[in-house]
Amino acid sequence: MLPLSTRLRQDTKAAHTRAERSGIMHQLLTGTLERERYVALLAGLRPVYRALEEELDARAGHPHLAPLHDPALHRLAALEADLRMLAGPAA
């Protein structure tokens, strides 16, 4: 049985490639995304990361999730710091 990380990488590769070649992600990866749109992207990701991190923390002891739980991988604090730097303290 393959590790979850390997399965996710394999099973989502085509979707990631399509996303990287279109819309906002293409602009982000090519350095052409306007600052305001980048701030909006980060603001939109904030509740996603908050929910993911809170739920992983709450279920850190679950046998299926424990191998995925690594607080060093949490991104919410860095995302919020980026928002404050790019959009000001009210962001």
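Which helices have axes that come within 9 Å and cross at roughly 155°? They are helix H3 (residues 35-58) and helix H4 (residues 76-87). The model is predicted, and local features need pLDDT of at least 70, side-chain atom pairs count only at pLDDT 80 or more, and totals for chains, interfaces and linings use all residues. Residues are numbered from 1 along each chain as its sequence is written, and side-chain values use heavy atoms, with hydrogens and water left out.

**View 1. Helices H3 and H4 are roughly antiparallel (angle over 145 degrees).** Helices are DSSP runs of H or I with at least four residues, numbered from the N terminus. Axes are lines fitted to C-alpha atoms over the stretch in contact, and angles run from 0 to 180 degrees between N-to-C directions. Residues in the contact (heavy atoms within 4.5 Å) include Tyr-38, Leu-42 and Arg-46 of H3 and Leu-79, Leu-83 and Leu-86 of H4.

**View 2. Helix H2 (residues 23-30) packs on H3 at an angle of about 115°.** The axes of H2 and H3 are 11 Å apart. Ile-24, Met-25, Gln-27 and Leu-28 in H2 meet Arg-37, Tyr-38 and Leu-41 in H3.

**View 3. Helix H1 (residues 4-20) bends by about 55° at Lys-13.** The bend is the angle between axes fitted to the seven residues ending there and the seven starting there. H1 has 17 residues and reaches 22 Å from its first C-alpha to its last, close to the 24 Å expected at 1.5 Å a residue (1.5 Å times one less than its number of residues).

Note on methods: Helices (H or I, at least four residues) and strands (E, at least two) are DSSP runs, numbered from the N terminus. Angles under 35 degrees count as roughly parallel, over 145 as roughly antiparallel, 65 to 115 as roughly perpendicular and the rest as oblique.
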